[in-house]
Amino acid sequence: MIRLILGAALLMTAPGALAAQEAPAPAPLELSGNIAPVHDPAIVREDGVYHLFTTGNLKDKEGLIGWRTSTDLRNWTLQQPVFAAIPDWAKEAVPDTRGLWAPDIVRAGDEYRLYYSVSTFGKNRSAIGLATTPTLDRAAPGFGWVDQGLVWRSGANDDYNAIDPNIFIDDDGRHWMSFGSFWTGLKLVELDPATGKPLPDAKLTAIARRRSPGAVEAPFIIKRDGWYYLFASYDFCCRGADSSYYTVVGRSKAVAGPYVDRDGKAMMDGGGLLVLHAQLDDSKRFAGPGHISILRDGGRDHIVYHAYDKRAEGRPTLRIQRIGWTPDGWPVAL
């Protein structure tokens with residue numbers, strides 16, 4: 001597993017740092033089963049079963065939105081995909097699309113909401129869609145995905161890209177969707193909790209941007225001890241062993257930002273505290289760690305992501321690590 005030397009230093013040098021014997025011990029997860037190819041993992045737990053959803057293309061064995069399950073977070077079994085075909089509305093919105101990408105999964109009220117991206121590589125004629133089901137248990141009464149259609153879209157005249165959705169439900173019950181890839185960076189929009197779609201008067205807020213290179217995408221927001229944390233992926237994915245992807249984080253006292261890193265640099269100006277990076281992989285085996293989800297499970301936090309296995313011709317592979325927290329409130333991948 002990737003061991004963050006920087007993270008260990010943060011745990012030990014932050015103001016009021018824990019003594020060495022009190023610092024969280026590294027707990028890398030050894031994964032098995034169907035863990036590759038995996039791109040853009042999203043994860044949730046229902047009744048003791050972990051459900052992992054991933055990018056899927058028409059010709060992939062995993063199908064359109066790959067679906068894997070595990071009872072122990074370590075051994076993974078491939079299930080039937082979410083979609084049998086690309087929805088008609090999505091083919092109309094993005095005629096050249098050949099897959100459904102970068103899902104996010106959230107429990108909202110009495111249903112699960114699965115958000116997904118419709119796009120083509122390198123273009124911002126894109127859309128975000130939504131599918132729902134009352135349960136993830138295929139054997140349970142009422143199970144079944146129902147596509148709810150378009151959530152948000154972007155086009156050639158827009159300065160952003162409507163892909164990579166992440167849903168955050170705040171303590172006050174308000175729902176937010178962050179998204180974005182390249183162009184002018186990451187955006188935030190408020191959703192109607194009843195529908196999972198934008199409020200009628202919803203406006204976009206910019207929350208992260210990199211000017212050169214403009215490579216920022218895959219937001220994920222969590223809240224801890226009164227702080228909102230925005231994780232994002234920087235640089236370039238999808239190049240196998242040559243991928244330069246890495247993961248950073250900033251925090252804010254408001255969900256709409258401004259998000260800043262530990263040195264006070266704004267994520268709207270390319271800031272971000274390093275969380276995952278291939279240079280910090282002790283084995284030097286995995287390149288491009290990114291497009292993360294955070295699993296908050298039984299008092300433990302895990303970071304779930306893909307990285308490219310140099311021993312398997314750069315195959316994108318599922319990775320899971322524990323997260324520790326420094327005394328001054330910054331996440332560290334262990």
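Leaving aside neighbours within four places in sequence, Thr 120 is in contact with Val 94, Asp 96, Thr 97 and Trp 101, contact being taken as heavy atoms within 4.5 Å. The structure is a predicted model, in which local features need pLDDT of at least 70 and side-chain atom pairs count only at pLDDT 80 or more, whereas totals for chains, interfaces and linings use all residues. Residues are numbered from 1 along each chain as its sequence is written, and side-chain values use heavy atoms, with hydrogens and water left out.

Thr 120 is placed in the loop between strand 8 (111–118) and strand 9 (126–133), where strands are DSSP runs (E, at least two residues) numbered from the N terminus. With a relative accessible area of 17%, Thr 120 is buried; the term buried denotes under 20% relative accessible area, exposed over 50%, and partly exposed the range in between, with a 1.4 Å probe and protein chains only. Between Thr 120 and Pro 289 there are 169 residues of separation in sequence and 22 Å in space, C-alpha to C-alpha.

The aromatic residues were examined next. Rings of Phe, Tyr and Trp (the six-membered ring of the latter) are paired if their centres lie within 6.5 Å, and planes under 30 degrees apart count as stacked, over 60 as edge-to-face and the rest as tilted. By this rule the count comes to 13 aromatic pairs. Elsewhere, ring pairs link Phe 53, Trp 67, Phe 143 and Trp 145 into a cluster.

The ring of Trp 227 has charged groups over it. The charged end of Arg 251 sits over this ring at 3.9 Å from its centre, and that of Lys 253 sits over the ring of Trp 227 at 4.3 Å from its centre; the criterion is that NZ of Lys or CZ of Arg is within 6 Å of the ring centre and within 35 degrees of the ring normal.

A search of the whole structure finds twelve salt bridges, each defined by a side-chain nitrogen of Lys or Arg within 4 Å of a carboxyl oxygen of Asp or Glu. Arg 113 forms a salt bridge with Glu 111, with the closest N and O atoms 2.8 Å apart, and both Arg 113 and Glu 111 are buried. A salt bridge also joins the side chains of Lys 223 and Asp 171 (3.1 Å, N to O). Lys 223 lies in strand 15 (residues 216–224) and Asp 171 in the loop between strand 11 (166–169) and strand 12, so the pair ties together parts that are 52 residues apart in sequence. Lys 223 is partly exposed at 22% relative accessibility, whereas Asp 171 is exposed, with a relative accessible area of 66%. In a further salt bridge, the closest N and O atoms of Asp 235 and Arg 210 are 2.9 Å apart. Here too the pair links distant parts of the chain, Asp 235 being in the loop between strand 16 (227–234) and strand 17 and Arg 210 in the loop between strand 14 (205–208) and strand 15, 25 residues apart. Asp 235 and Arg 210 are both buried. Salt bridges that share partners join Asp 170, Asp 171 and Lys 223 into one network.

Asp 261, placed in the loop between strand 17 (246–252) and strand 18 (273–276), is buried yet has no salt bridge, and the nearest side chain of opposite charge, Lys 265, is 6.5 Å away. Beyond the neighbours within four places in sequence, Asp 261 is in contact with Val 249, Gly 250, Gly 271, Gly 272, Leu 273 and Trp 330.

Definitions and conventions. Helices (H or I, at least four residues) and strands (E, at least two) are DSSP runs, numbered from the N terminus. Lys and Arg count as positive and Asp and Glu as negative; His and the chain ends are not counted.
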